[in-house]
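Please examine the protein model shown here.

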Amino acid sequence: MSTPAPASAASPDPSAVPTPTAQVYRGHVFHIEGSPVVADAREHLVSLPDGALVTGADGRIAWVGPFAALPAAFRDHPVTDNRGGFILPGFVDTHLHYPQTYSTDAYGGGQLLEWLDNCVFPAETRLRDPEFAARIARDFTRRRVAAGTTSALVFGSAFPHAQDALFAESQAAGLRLVSGRGVQTVGSGPAGALLTGEAEALDLIGAEIDRWHAVDTGDPATALLQVAVVPRFSLSVTPTTLAGLGELYDDARERGVYFHSHLNENNRPGTGEIDAVKAVYGVDTYLDTYDGLFLPGSKRGGSSLLGRRSILAHAVHCEDAELARLAETGTSVAHCPTSQQFLGSGTMPWLRTTSFGVNVAIGSDIGAGDEWLISRVLNDCFKVHLSEPGDAGLSLDPAALLFTGTLAGARALDMEARFGNFDVGKDADFLLIEPDPWEPLATVLNRGIRADDERMATDQTLFALLLALRQPAITGVFVRGRRVQAPE
(Lines give C-alpha, C1' and ligand atoms only; values in the text may rest on other atoms or scores of the structure.)
Protein backbone atom coordinates (compact mmCIF):
# COMPACT_ATOMS: atom_id res chain seq x y z
CA MET A 1 0.00 0.00 0.00
CA SER A 2 3.03 2.29 -0.13
CA THR A 3 2.83 5.43 -2.21
CA PRO A 4 5.81 7.47 -3.37
CA ALA A 5 6.31 10.86 -1.79
CA PRO A 6 6.18 13.94 -3.95
CA ALA A 7 9.58 15.42 -4.64
CA SER A 8 8.89 18.38 -2.37
CA ALA A 9 8.39 16.04 0.60
CA ALA A 10 11.38 13.76 0.05
CA SER A 11 12.95 12.49 3.25
CA PRO A 12 15.74 14.84 4.35
CA ASP A 13 19.34 13.76 4.62
CA PRO A 14 19.84 12.37 8.17
CA SER A 15 23.36 13.80 8.13
CA ALA A 16 21.79 17.27 8.34
CA VAL A 17 20.82 16.50 11.96
CA PRO A 18 23.72 17.34 14.33
CA THR A 19 25.52 14.40 15.90
CA PRO A 20 25.21 14.15 19.71
CA THR A 21 28.36 14.66 21.73
CA ALA A 22 29.42 13.77 25.24
CA GLN A 23 28.64 16.92 27.19
CA VAL A 24 27.98 18.30 30.66
CA TYR A 25 25.12 20.76 31.08
CA ARG A 26 25.25 22.78 34.30
CA GLY A 27 22.26 24.56 35.82
CA HIS A 28 19.28 24.11 38.12
CA VAL A 29 17.94 20.68 37.20
CA PHE A 30 14.28 19.79 37.77
CA HIS A 31 12.67 16.45 36.87
CA ILE A 32 10.39 13.72 38.21
CA GLU A 33 12.53 10.64 38.72
CA GLY A 34 11.37 7.05 38.55
CA SER A 35 7.87 6.01 37.50
CA PRO A 36 5.32 7.45 39.92
CA VAL A 37 1.64 8.20 39.44
CA VAL A 38 0.65 11.83 39.52
CA ALA A 39 -0.45 11.74 43.18
CA ASP A 40 3.09 10.75 44.17
CA ALA A 41 4.96 13.10 41.85
CA ARG A 42 6.05 15.46 44.63
CA GLU A 43 7.85 12.63 46.40
CA HIS A 44 9.78 11.97 43.18
CA LEU A 45 10.69 15.58 42.42
CA VAL A 46 14.43 16.10 41.94
CA SER A 47 15.74 19.64 42.39
CA LEU A 48 19.47 20.26 41.94
CA PRO A 49 20.15 24.02 42.25
CA ASP A 50 23.71 23.54 40.95
CA GLY A 51 23.18 20.37 39.01
CA ALA A 52 24.82 18.56 36.14
CA LEU A 53 23.17 16.63 33.33
CA VAL A 54 25.68 14.49 31.45
CA THR A 55 24.83 13.29 27.95
CA GLY A 56 26.78 10.64 26.09
CA ALA A 57 27.81 10.37 22.48
CA ASP A 58 24.93 7.90 22.08
CA GLY A 59 22.45 10.67 22.89
CA ARG A 60 21.49 9.15 26.23
CA ILE A 61 21.71 10.41 29.79
CA ALA A 62 24.95 9.18 31.34
CA TRP A 63 24.63 10.82 34.76
CA VAL A 64 22.65 13.43 36.68
CA GLY A 65 23.45 14.90 40.08
CA PRO A 66 25.08 17.81 41.89
CA PHE A 67 27.81 19.43 39.82
CA ALA A 68 30.19 19.19 42.79
CA ALA A 69 29.77 15.40 42.72
CA LEU A 70 30.51 15.03 39.00
CA PRO A 71 32.32 11.68 38.58
CA ALA A 72 35.91 11.76 37.38
CA ALA A 73 34.96 9.99 34.17
CA PHE A 74 33.02 13.08 33.04
CA ARG A 75 35.28 15.90 34.26
CA ASP A 76 37.03 16.29 30.92
CA HIS A 77 33.73 16.65 29.00
CA PRO A 78 32.88 20.09 27.58
CA VAL A 79 30.63 22.03 29.93
CA THR A 80 27.67 24.17 28.85
CA ASP A 81 27.34 26.55 31.79
CA ASN A 82 23.68 27.45 32.31
CA ARG A 83 24.02 28.63 35.92
CA GLY A 84 21.28 31.09 36.73
CA GLY A 85 19.08 29.07 34.41
CA PHE A 86 17.29 25.74 34.41
CA ILE A 87 17.36 22.33 32.79
CA LEU A 88 13.98 20.60 32.33
CA PRO A 89 12.84 17.51 30.44
CA GLY A 90 11.40 18.35 27.04
CA PHE A 91 7.68 19.08 27.01
CA VAL A 92 5.30 16.44 25.65
CA ASP A 93 2.11 17.65 23.93
CA THR A 94 -0.35 14.79 23.56
CA HIS A 95 -2.97 16.56 21.46
CA LEU A 96 -2.67 19.32 18.87
CA HIS A 97 -3.89 19.86 15.30
CA TYR A 98 -1.26 20.60 12.67
CA PRO A 99 -3.80 21.86 10.04
CA GLN A 100 -5.03 24.41 12.63
CA THR A 101 -1.66 26.16 13.01
CA TYR A 102 -3.18 29.40 11.67
CA SER A 103 -6.55 28.90 13.39
CA THR A 104 -5.79 29.81 17.00
CA ASP A 105 -8.22 32.43 18.29
CA ALA A 106 -10.49 31.91 15.28
CA TYR A 107 -13.88 33.47 15.88
CA GLY A 108 -16.81 31.54 14.50
CA GLY A 109 -19.38 31.74 17.25
CA GLY A 110 -20.82 28.85 19.18
CA GLN A 111 -19.28 25.78 20.71
CA LEU A 112 -17.50 22.76 19.25
CA LEU A 113 -19.71 21.73 16.34
CA GLU A 114 -20.34 25.30 15.14
CA TRP A 115 -16.64 26.16 15.46
CA LEU A 116 -15.72 23.14 13.33
CA ASP A 117 -18.10 24.17 10.54
CA ASN A 118 -17.31 27.88 10.61
CA CYS A 119 -13.59 27.91 11.31
CA VAL A 120 -11.84 24.57 11.20
CA PHE A 121 -13.11 22.70 8.16
CA PRO A 122 -12.54 25.70 5.85
CA ALA A 123 -9.06 26.21 7.32
CA GLU A 124 -8.08 22.55 6.98
CA THR A 125 -9.32 22.48 3.37
CA ARG A 126 -6.57 24.96 2.43
CA LEU A 127 -3.95 22.23 2.89
CA ARG A 128 -5.06 20.57 -0.34
CA ASP A 129 -2.70 23.11 -1.98
CA PRO A 130 0.77 21.49 -1.72
CA GLU A 131 2.55 24.85 -1.50
CA PHE A 132 0.33 25.98 1.35
CA ALA A 133 0.79 22.62 3.07
CA ALA A 134 4.56 22.96 2.86
CA ARG A 135 4.39 26.42 4.44
CA ILE A 136 2.14 25.37 7.30
CA ALA A 137 4.32 22.31 7.99
CA ARG A 138 7.36 24.58 8.36
CA ASP A 139 5.53 27.03 10.59
CA PHE A 140 4.05 24.26 12.73
CA THR A 141 7.51 22.80 13.26
CA ARG A 142 8.95 26.22 14.09
CA ARG A 143 6.24 26.76 16.71
CA ARG A 144 7.06 23.41 18.30
CA VAL A 145 10.76 24.19 18.54
CA ALA A 146 10.12 27.63 20.01
CA ALA A 147 7.84 26.11 22.65
CA GLY A 148 10.24 23.32 23.60
CA THR A 149 7.80 20.59 22.59
CA THR A 150 10.23 17.77 21.95
CA SER A 151 7.52 15.13 21.52
CA ALA A 152 3.99 15.53 20.18
CA LEU A 153 0.95 13.49 19.22
CA VAL A 154 -0.38 15.43 16.27
CA PHE A 155 -3.79 15.26 14.63
CA GLY A 156 -2.88 15.39 10.97
CA SER A 157 -4.24 16.60 7.66
CA ALA A 158 -6.66 14.75 5.40
CA PHE A 159 -4.24 15.25 2.48
CA PRO A 160 -1.33 12.81 2.09
CA HIS A 161 1.04 15.42 0.61
CA ALA A 162 0.47 17.58 3.70
CA GLN A 163 1.32 14.67 5.97
CA ASP A 164 4.47 14.00 3.98
CA ALA A 165 5.49 17.63 4.49
CA LEU A 166 4.85 17.40 8.24
CA PHE A 167 6.90 14.23 8.70
CA ALA A 168 9.73 15.56 6.53
CA GLU A 169 9.98 18.84 8.46
CA SER A 170 9.89 17.03 11.82
CA GLN A 171 12.62 14.65 10.67
CA ALA A 172 14.80 17.50 9.43
CA ALA A 173 14.41 19.32 12.75
CA GLY A 174 15.13 16.23 14.83
CA LEU A 175 11.83 16.26 16.75
CA ARG A 176 9.70 13.36 17.93
CA LEU A 177 6.39 13.09 16.09
CA VAL A 178 3.41 10.76 16.20
CA SER A 179 0.79 11.73 13.63
CA GLY A 180 -1.89 10.33 11.38
CA ARG A 181 -4.08 11.74 8.65
CA GLY A 182 -7.46 12.95 9.90
CA VAL A 183 -10.06 10.39 8.84
CA GLN A 184 -13.50 11.62 7.81
CA THR A 185 -15.90 9.54 5.73
CA VAL A 186 -19.03 11.54 6.58
CA GLY A 187 -19.54 15.16 7.50
CA SER A 188 -21.29 18.46 7.00
CA GLY A 189 -21.04 20.60 3.87
CA PRO A 190 -18.03 22.64 5.02
CA ALA A 191 -16.08 19.39 5.53
CA GLY A 192 -16.70 18.19 1.97
CA ALA A 193 -13.14 18.45 0.68
CA LEU A 194 -11.84 16.50 3.69
CA LEU A 195 -14.03 13.43 3.13
CA THR A 196 -12.99 10.19 1.46
CA GLY A 197 -14.74 6.92 0.73
CA GLU A 198 -14.46 4.28 3.42
CA ALA A 199 -12.21 1.93 1.47
CA GLU A 200 -10.03 4.85 0.36
CA ALA A 201 -9.66 6.00 3.97
CA LEU A 202 -8.26 2.61 4.97
CA ASP A 203 -5.92 2.53 1.98
CA LEU A 204 -4.56 5.98 2.80
CA ILE A 205 -3.92 5.01 6.43
CA GLY A 206 -2.11 1.89 5.32
CA ALA A 207 0.04 3.86 2.90
CA GLU A 208 0.97 6.38 5.59
CA ILE A 209 1.97 3.60 7.99
CA ASP A 210 4.09 1.92 5.33
CA ARG A 211 5.76 5.20 4.37
CA TRP A 212 6.42 6.85 7.73
CA HIS A 213 5.99 4.56 10.73
CA ALA A 214 9.39 4.12 12.41
CA VAL A 215 11.02 5.03 9.09
CA ASP A 216 14.04 6.54 10.82
CA THR A 217 15.14 3.49 12.84
CA GLY A 218 12.87 0.66 11.72
CA ASP A 219 11.94 -0.01 15.35
CA PRO A 220 8.95 1.67 17.07
CA ALA A 221 10.73 1.33 20.42
CA THR A 222 13.41 3.77 19.28
CA ALA A 223 11.91 5.72 16.38
CA LEU A 224 11.36 9.47 16.43
CA LEU A 225 8.73 9.28 13.66
CA GLN A 226 5.61 7.18 14.19
CA VAL A 227 2.08 6.96 12.81
CA ALA A 228 -1.35 6.93 14.45
CA VAL A 229 -4.82 5.91 13.25
CA VAL A 230 -6.83 9.12 13.70
CA PRO A 231 -10.55 9.38 13.02
CA ARG A 232 -11.58 12.95 13.82
CA PHE A 233 -14.33 11.73 16.13
CA SER A 234 -17.17 9.25 15.99
CA LEU A 235 -19.44 11.70 14.14
CA SER A 236 -16.92 11.89 11.28
CA VAL A 237 -17.12 8.16 10.49
CA THR A 238 -19.71 5.38 10.20
CA PRO A 239 -20.07 1.92 11.73
CA THR A 240 -18.58 0.54 8.52
CA THR A 241 -15.57 2.83 8.91
CA LEU A 242 -15.12 1.85 12.55
CA ALA A 243 -15.28 -1.84 11.66
CA GLY A 244 -12.62 -1.30 8.99
CA LEU A 245 -10.43 0.70 11.38
CA GLY A 246 -10.68 -2.08 13.94
CA GLU A 247 -9.53 -4.68 11.42
CA LEU A 248 -6.70 -2.45 10.25
CA TYR A 249 -5.62 -1.71 13.83
CA ASP A 250 -5.62 -5.40 14.76
CA ASP A 251 -2.67 -5.72 12.37
CA ALA A 252 -1.09 -2.30 12.89
CA ARG A 253 -1.14 -2.55 16.69
CA GLU A 254 1.61 -5.18 16.53
CA ARG A 255 3.76 -2.68 14.62
CA GLY A 256 3.48 -0.13 17.42
CA VAL A 257 1.00 2.12 15.60
CA TYR A 258 -1.06 4.48 17.78
CA PHE A 259 -4.77 5.29 17.97
CA HIS A 260 -5.92 8.84 18.65
CA SER A 261 -9.24 10.67 18.62
CA HIS A 262 -11.64 12.82 20.69
CA LEU A 263 -13.96 11.74 23.49
CA ASN A 264 -16.77 13.39 25.47
CA GLU A 265 -15.79 16.98 24.74
CA ASN A 266 -19.12 18.81 24.43
CA ASN A 267 -22.26 17.88 26.35
CA ARG A 268 -24.74 20.54 25.23
CA PRO A 269 -28.11 18.85 25.78
CA GLY A 270 -29.71 17.49 22.63
CA THR A 271 -27.52 19.20 20.05
CA GLY A 272 -24.00 18.71 21.40
CA GLU A 273 -21.33 16.18 20.48
CA ILE A 274 -22.10 13.53 23.11
CA ASP A 275 -25.86 13.39 22.56
CA ALA A 276 -25.28 13.40 18.80
CA VAL A 277 -22.94 10.39 19.02
CA LYS A 278 -25.38 8.46 21.18
CA ALA A 279 -28.26 9.27 18.84
CA VAL A 280 -26.40 8.41 15.62
CA TYR A 281 -25.02 5.12 16.90
CA GLY A 282 -27.68 4.18 19.44
CA VAL A 283 -24.99 3.34 22.01
CA ASP A 284 -24.95 3.57 25.79
CA THR A 285 -21.72 5.58 26.02
CA TYR A 286 -19.52 7.54 23.65
CA LEU A 287 -16.53 5.34 24.50
CA ASP A 288 -18.38 2.28 23.23
CA THR A 289 -17.90 3.50 19.65
CA TYR A 290 -14.11 3.21 20.02
CA ASP A 291 -14.36 -0.05 21.96
CA GLY A 292 -15.90 -1.99 19.07
CA LEU A 293 -19.40 -1.66 20.56
CA PHE A 294 -20.76 0.71 17.93
CA LEU A 295 -23.94 -1.12 16.88
CA PRO A 296 -27.33 -0.11 18.36
CA GLY A 297 -27.62 -1.11 21.98
CA SER A 298 -23.81 -1.07 22.26
CA LYS A 299 -23.55 -4.44 20.58
CA ARG A 300 -20.20 -5.51 19.25
CA GLY A 301 -19.54 -4.58 15.64
CA GLY A 302 -15.78 -4.90 15.47
CA SER A 303 -12.48 -4.82 17.31
CA SER A 304 -11.63 -2.39 20.09
CA LEU A 305 -9.35 0.54 19.33
CA LEU A 306 -8.42 1.05 22.99
CA GLY A 307 -5.09 0.10 24.52
CA ARG A 308 -1.68 1.12 25.75
CA ARG A 309 -0.91 3.22 22.66
CA SER A 310 -4.37 4.80 22.50
CA ILE A 311 -4.88 8.41 23.59
CA LEU A 312 -8.25 10.14 23.69
CA ALA A 313 -8.47 13.92 23.95
CA HIS A 314 -10.66 15.82 26.41
CA ALA A 315 -12.73 13.20 28.33
CA VAL A 316 -14.52 16.09 30.03
CA HIS A 317 -17.85 14.37 30.59
CA CYS A 318 -17.05 10.67 31.06
CA GLU A 319 -19.32 8.28 32.89
CA ASP A 320 -17.81 6.09 35.61
CA ALA A 321 -17.98 3.02 33.36
CA GLU A 322 -15.99 4.87 30.70
CA LEU A 323 -13.26 5.91 33.12
CA ALA A 324 -13.03 2.36 34.44
CA ARG A 325 -12.68 1.03 30.90
CA LEU A 326 -9.99 3.59 30.03
CA ALA A 327 -7.99 2.49 33.06
CA GLU A 328 -8.57 -1.20 32.35
CA THR A 329 -7.26 -0.94 28.79
CA GLY A 330 -4.36 1.42 29.60
CA THR A 331 -5.83 4.13 27.39
CA SER A 332 -4.63 7.63 28.32
CA VAL A 333 -6.42 10.97 28.33
CA ALA A 334 -5.00 14.10 26.72
CA HIS A 335 -6.30 16.85 28.99
CA CYS A 336 -6.79 20.17 27.17
CA PRO A 337 -7.88 22.83 29.69
CA THR A 338 -7.08 25.81 27.47
CA SER A 339 -9.27 24.73 24.57
CA GLN A 340 -12.01 23.51 26.90
CA GLN A 341 -12.37 27.07 28.15
CA PHE A 342 -12.29 28.52 24.63
CA LEU A 343 -15.12 26.26 23.42
CA GLY A 344 -17.12 26.29 26.65
CA SER A 345 -16.72 22.54 27.02
CA GLY A 346 -16.41 22.47 30.81
CA THR A 347 -13.63 21.11 33.01
CA MET A 348 -12.37 17.55 33.07
CA PRO A 349 -12.83 16.43 36.70
CA TRP A 350 -9.23 15.85 37.79
CA LEU A 351 -9.71 13.93 41.04
CA ARG A 352 -12.50 11.75 39.68
CA THR A 353 -10.58 10.88 36.51
CA THR A 354 -7.26 10.10 38.18
CA SER A 355 -8.95 8.17 41.02
CA PHE A 356 -9.90 5.51 38.47
CA GLY A 357 -6.21 5.11 37.62
CA VAL A 358 -6.41 6.83 34.24
CA ASN A 359 -3.14 8.36 33.06
CA VAL A 360 -3.75 12.06 32.33
CA ALA A 361 -1.26 13.89 30.12
CA ILE A 362 -1.55 17.43 28.77
CA GLY A 363 -2.53 18.69 25.34
CA SER A 364 -2.46 22.20 23.90
CA ASP A 365 -5.21 21.36 21.38
CA ILE A 366 -3.93 23.95 18.90
CA GLY A 367 -6.04 25.59 17.39
CA ALA A 368 -9.01 25.64 19.83
CA GLY A 369 -6.21 26.04 22.31
CA ASP A 370 -4.20 29.19 21.69
CA GLU A 371 -1.12 28.36 23.79
CA TRP A 372 1.72 26.46 22.09
CA LEU A 373 3.83 26.41 25.23
CA ILE A 374 2.92 23.43 27.41
CA SER A 375 3.74 25.28 30.61
CA ARG A 376 1.10 27.86 29.64
CA VAL A 377 -1.42 25.04 29.27
CA LEU A 378 -0.32 23.78 32.70
CA ASN A 379 -0.96 27.31 33.96
CA ASP A 380 -4.57 26.95 32.82
CA CYS A 381 -4.66 23.43 34.25
CA PHE A 382 -3.79 24.75 37.70
CA LYS A 383 -6.41 27.48 37.54
CA VAL A 384 -9.35 25.42 36.29
CA HIS A 385 -8.90 22.65 38.84
CA LEU A 386 -8.46 25.08 41.71
CA SER A 387 -11.86 26.44 40.64
CA GLU A 388 -13.71 23.11 40.49
CA PRO A 389 -16.66 23.30 42.91
CA GLY A 390 -16.70 21.79 46.38
CA ASP A 391 -14.62 18.74 47.17
CA ALA A 392 -13.68 18.35 43.49
CA GLY A 393 -11.40 21.38 43.61
CA LEU A 394 -7.70 21.02 44.35
CA SER A 395 -4.47 22.97 44.18
CA LEU A 396 -2.17 20.95 41.95
CA ASP A 397 1.37 21.07 43.30
CA PRO A 398 4.14 22.09 40.89
CA ALA A 399 5.61 18.58 40.77
CA ALA A 400 2.24 17.24 39.57
CA LEU A 401 2.20 19.93 36.89
CA LEU A 402 5.73 19.08 35.74
CA PHE A 403 4.84 15.38 35.73
CA THR A 404 1.73 16.03 33.61
CA GLY A 405 3.69 18.00 31.02
CA THR A 406 6.60 15.56 30.74
CA LEU A 407 6.56 12.02 32.17
CA ALA A 408 2.78 11.50 31.89
CA GLY A 409 3.01 12.37 28.21
CA ALA A 410 5.82 9.89 27.65
CA ARG A 411 3.69 7.27 29.44
CA ALA A 412 0.69 8.07 27.25
CA LEU A 413 2.88 7.49 24.20
CA ASP A 414 4.13 4.20 25.68
CA MET A 415 7.65 5.67 25.56
CA GLU A 416 8.33 6.19 29.25
CA ALA A 417 11.33 3.88 28.96
CA ARG A 418 12.86 6.28 26.40
CA PHE A 419 12.19 9.81 27.67
CA GLY A 420 10.14 11.99 30.03
CA ASN A 421 12.68 12.46 32.82
CA PHE A 422 16.41 12.31 33.46
CA ASP A 423 16.76 8.73 34.67
CA VAL A 424 20.14 7.39 33.54
CA GLY A 425 19.99 5.51 30.25
CA LYS A 426 17.04 7.41 28.81
CA ASP A 427 17.31 9.57 25.73
CA ALA A 428 18.55 13.06 26.48
CA ASP A 429 15.45 15.11 25.64
CA PHE A 430 15.74 18.38 27.52
CA LEU A 431 15.41 22.15 27.54
CA LEU A 432 17.80 24.89 28.57
CA ILE A 433 15.98 27.84 30.09
CA GLU A 434 17.56 31.24 30.72
CA PRO A 435 15.23 33.62 32.59
CA ASP A 436 16.84 36.91 31.51
CA PRO A 437 15.50 36.96 27.90
CA TRP A 438 12.00 37.11 29.43
CA GLU A 439 12.24 39.78 32.12
CA PRO A 440 8.94 38.96 33.89
CA LEU A 441 10.22 35.41 34.48
CA ALA A 442 13.58 36.64 35.73
CA THR A 443 12.00 39.05 38.19
CA VAL A 444 9.58 36.56 39.76
CA LEU A 445 12.40 34.04 40.14
CA ASN A 446 14.91 36.52 41.54
CA ARG A 447 12.67 38.73 43.64
CA GLY A 448 9.71 36.59 44.60
CA ILE A 449 9.09 35.59 48.20
CA ARG A 450 10.48 32.19 49.19
CA ALA A 451 9.65 30.24 52.33
CA ASP A 452 12.27 29.42 54.96
CA ASP A 453 11.31 25.77 54.59
CA GLU A 454 13.56 24.34 51.85
CA ARG A 455 10.93 22.02 50.40
CA MET A 456 8.33 24.76 50.13
CA ALA A 457 10.91 27.13 48.65
CA THR A 458 11.70 24.52 45.99
CA ASP A 459 7.99 24.19 45.19
CA GLN A 460 7.70 27.96 44.91
CA THR A 461 10.63 28.20 42.51
CA LEU A 462 9.33 25.43 40.23
CA PHE A 463 5.82 26.88 40.31
CA ALA A 464 7.06 30.34 39.31
CA LEU A 465 9.23 28.82 36.58
CA LEU A 466 6.36 26.88 35.03
CA LEU A 467 3.66 29.52 35.28
CA ALA A 468 5.79 32.51 34.22
CA LEU A 469 7.80 30.81 31.46
CA ARG A 470 7.52 32.16 27.92
CA GLN A 471 9.21 31.11 24.67
CA PRO A 472 12.05 33.70 24.67
CA ALA A 473 13.49 32.06 27.79
CA ILE A 474 13.82 28.65 26.09
CA THR A 475 17.33 28.92 24.67
CA GLY A 476 18.12 25.28 23.91
CA VAL A 477 15.95 22.37 22.76
CA PHE A 478 17.53 18.92 22.58
CA VAL A 479 16.30 15.49 21.48
CA ARG A 480 18.61 12.51 22.01
CA GLY A 481 21.36 14.91 22.94
CA ARG A 482 21.14 16.77 19.63
CA ARG A 483 20.18 20.42 19.45
CA VAL A 484 16.93 20.70 17.51
CA GLN A 485 17.07 22.80 14.36
CA ALA A 486 14.07 25.01 13.59
CA PRO A 487 13.28 25.23 9.86
CA GLU A 488 14.11 28.48 8.11
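The questions and answers below go from the whole chain to single residues.

Me: On what conventions do the values rest?
Reply: This is a predicted model, in which local features need pLDDT of at least 70 and side-chain atom pairs count only at pLDDT 80 or more, while totals for chains, interfaces and linings use all residues. Residues are numbered from 1 along each chain as its sequence is written, and side-chain values use heavy atoms, with hydrogens and water left out.

Me: How many helices and strands does the protein have?
Reply: Helices (H or I, at least four residues) and strands (E, at least two) are taken as DSSP runs, numbered from the N terminus. On that basis, the secondary structure comes to 14 helices and 16 strands.

Me: What is the radius of gyration of the protein, and what does the globule rule give for 488 residues?
Reply: The radius is taken over C-alpha atoms, and the globule rule is 2.2 Å times the number of residues to the power 0.38. The C-alpha trace spans about 65 × 55 × 40 Å along its principal axes. For 488 residues the rule leads one to expect a radius near 23 Å for a compact globule, and the value for the protein agrees with this, at 22 Å.

Me: What percentage of the contacts with a separation of 6 or more joins residues 24 or more positions apart?
Reply: A contact here means heavy atoms within 4.5 Å. Among contacts with a separation of 6 or more, the share from residues 24 or more positions apart is 74%.

Me: What percentage of the residues counts as buried, and what percentage of the accessible surface belongs to carbon and sulfur atoms?
Reply: Buried means under 20% relative accessible area, exposed over 50%, and partly exposed in between (1.4 Å probe, protein chains only). Of the 488 residues, 59% are buried. The accessible surface, from the Shrake-Rupley method with a 1.4 Å probe, comes to about 17500 Å², and the part belonging to carbon and sulfur atoms is 52%.

Me: Where does F422 lie, and is F422 buried or exposed?
Reply: Beyond its neighbours within four places in sequence, F422 is in contact with residues including L53, I61, V64, I87 and F430. Its C-alpha atom is separated by 43 Å from that of L195, 227 residues away along the chain. F422 lies in the loop between α12 and β14, and with a relative accessible area of 1% F422 is buried.

Me: Is R480 buried or exposed?
Reply: R480 is found in the loop between β15 (474-479) and β16 (482-483). Although R480 is not a glycine, its phi is positive, at about 55°. Its relative accessibility is 13%, so R480 counts as buried.

Me: Which peptide bond is cis, with omega near 5°?
Reply: The second residue of this bond, G367, is found in the loop between β13 (360-362) and α10 (374-386). The cis bond runs from I366 to G367.

Me: How far apart in space are A152 and G363?
Reply: A152 lies in strand β6 (residues 149-155) and is buried, at 1% relative accessible area. Residues in contact with A152, leaving aside those within four places in sequence, include D93, L96, R144 and V178. A152 and G363 are 211 residues apart in sequence, and their C-alpha to C-alpha distance is 8.9 Å.

Me: What distance separates the C-alpha atoms of E454 and S303?
Reply: E454 lies in helix α14 (residues 454-468) and counts as exposed, at 67% relative accessibility. E454 and S303 are 151 residues apart along the chain, and the separation of their C-alpha atoms is 52 Å.
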